[in-house]
Amino acid sequence: MATRIEAVMAALRGRIGPRGLAAGAKLPSVRAQARAMKVSVSTVVEAYERLAAEGVIQARPGSGFYVTGVAAPAMLAIPGPPREREVDPLWISRQSLEAGEEVLKPGCGWLPASWMHEAGLRRALRSLARAQAATLTDYATPLGLLALREVLARRLAVSGIEAGPEQILLTESGTQAIDLIGRLLLEPGATVLVDDPCYFNFHALLAAHRVNVVGVPYTPTGPDVEAFEQALATHAPRLYITNSAIHNPTGAVLSPVVAHRVLKLAERADLLIVEDDIFADFEPTPAPRLAAFDGLARVIHIGSFSKTLSASVRCGYIAARPDFIDALADLKIATSFGGGRLASEILLAALTDGGYRKHMESVRARLAVAMARTIDRLEPLGITPWLVPRAGMFLWCRLPEGRDAASLARACLKEGVVLAPGNAFSRGQTASGFLRFNVAQTLDERVFAALARGLRD
C-alpha cells in the first residue's frame, strides 16, 4: 500500500504533462497542496523534495516549486524479441541475470534468495546504521578491513592454510580477485591452464586478458595428471586456475594424491596456481587444498561469500605470499582505489553474529535433499549424473545419447527455463552432451516438464 508521501507524488506526476502542468509551470504551494489532499504540510514537503531529487520538479528559492523542462527519454521502438546469442561462456550469465522473477533458472550459479542469510544481513545493516561516520563514508585501507582479514585468517586455518592478516587482500569479488592476479602475472599471449570443464566465466575473463587458454581434462579426483604434465611440456603456461573443493561444474573434489602430483609438476615447471575456493562453506568437512599443501609458495588462494551470504554485498579476498599481496594492493588502488569499506563491514557483521554457522548447516542439509530429489527426477528422462557430489549445489549430467545440450537449452528458454549447456564450460568443446544443474534452482516441476518436452522434440 502506498504511503501518503507516495500518494502525493503520484497525484502530481499524473498532473504533469502536455495537458496539465507543462514544463515551467508552478506547482501549488506546499500549504495549498496539503489542504487539497488533506494531508500534513510535512508530507507534501517530503513529496516535493523527492520529486525534486528525481528531477521531475525544481525548487526556486523564495518562489516555490516548478515543473522541469527535462522529459524522460522516449522509447523509440517497441522492443523486439531478444537477440539470438551464440551459446558461449557468457550465454548462461546473460540469460540468468537478465531473466525476470517468473523465469526458472536451474542453470544459474547461485542459491535462491530465500536460501540466503537474509536475517543476518538485516541485523548487520541495522547495526551499521549506528556506526561511526567514517565507517559509512570513508575509503577502505589498501588491504581492506583488518578485523575481517583476521576472521578470514582463522577460517583459512581450518582448511590448513596458514596466512596471517597481512597476507590477505580484500577485493570487491572473487572475479575481481582473478582479474587483479591476471593484471599482475599475465601478459597478452601468455598461456593459462584451466580445467575442462571449468567455470565458464574463467574463459570470458581470460579472454579479456588476451591470453592463450588450454584446457586439461578433469576427472572425479582432479585434473588428469598425465594430460596436465603434457600441457606443461607443450605450452609452458604461466598460470593454472582451478577449484580444489566442490569443483564447478562437476562437483568433484581434489584427492590428496592428485594434489601432491600437481604441485610437484608445478614446482618443476615454475607454474603458479590460482585456487578458487568460493564454495568452501558448502563442505561439511574441508577437502584437500593446494594452498595448504603448498604453504602459499606458488598457490594463490581466493574466495568470496557471494554464493553463501549475498551476491549484492560484493566482497572477496586473496591470500598469497607477501610480495604478491604488496603488488596486488598497488593494482587494487590503481583500478578501484580504496575498495568498498561498507561491504566489508556488512560481511564481517554477518559472519560473526552467531547465525551464519547455523544458516550454513541448514543450507547444506537442504542441498543434500535437493540433490537426491533432482537425481531422482532426472533419471526417468535419461539424464544421468557424471558423479554424485559429496556436497554443494551443482550436478554435472550427461544427456541421452545423441542429444545436444545447446539445442535443448534454446528450446527450454522459450518455455522460461534457463539451462547451462556443457560446452559453455568446455575449452575443448567436448561437453555438448552435458548440462550443469543447480539443484537448489531445480525444485520446480516445470523444469522437468520443459526438459521432457525438449527431449521429445
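Predicted model: local features only at pLDDT ≥ 70, side-chain atom pairs only at ≥ 80, totals over all residues.
What share of the 457 residues in this protein is buried? The figure is 52%.

Okay, the overall picture. We have 17 helices and 13 strands here. Taken along the principal axes, the C-alpha atoms fill a box of roughly 80 × 55 × 45 Å. The accessible surface comes to about 21700 Å², and 54% of that belongs to carbon and sulfur atoms. Now look at contacts with a separation of 6 or more: residues 24 or more positions apart account for 73% of them.

Let's zoom in on helix 17, residues 445-456. Its 12 residues reach 17 Å from the first C-alpha to the last, close to the 16 Å expected at 1.5 Å a residue. Which of its residues are buried? In helix 17 they are V447, F448, A450, L451, A452, G454 and L455. As a reminder, an α-helix has 3.6 residues a turn, so residues three or four places apart point the same way. And what do those buried residues pack against? Their partners are helix 15 (356-378), helix 16 (405-413) and strand 13 (434-438).

With a relative accessible area of 0%, C412 is buried. C315 counts as buried too, because its relative accessibility is 6%.

Next, a histidine. H209 is in the loop between helix 9 (200-208) and strand 5 (212-219). Is H209 buried or exposed? It counts as buried, because its relative accessibility is 15% and the cut-off is under 20%. Leaving aside neighbours within four places in sequence, H209 is in contact with D179, G182, R183 and P188.

Last stop, the outside. Y139, I333 and F337 form a nonpolar patch on the surface, and together they have about 330 Å² of accessible area. Where does F337 lie? You'll find F337 in the loop between helix 13 (322-336) and helix 14 (341-352). Its relative accessible area is 46%, so F337 is described as partly exposed.

That's my tour. If you have the structure open, have a look at helix 17 with its buried residues, then turn to the surface patch of Y139, I333 and F337. Happy to take questions.

Methods
Residues numbered from 1 in each chain as written. Heavy atoms only, no water. Patch = residues over 30% accessible without salt bridge, like charges linked within 9 Å, V, L, I, M, F, W, Y side chains within 5 Å. Areas by Shrake-Rupley, 256 points an atom, 1.4 Å probe, with all protein chains shown as cover. Salt bridge = Lys/Arg side-chain N within 4 Å of Asp/Glu carboxyl O. Helix = DSSP H or I, 4+ residues; strand = E, 2+ residues; numbered from the N terminus. Buried < 20%, exposed > 50% of the residue type's maximum accessible area, 1.4 Å probe, protein only. Expected span 1.5 Å × (residues − 1). Contact = heavy atoms within 4.5 Å.
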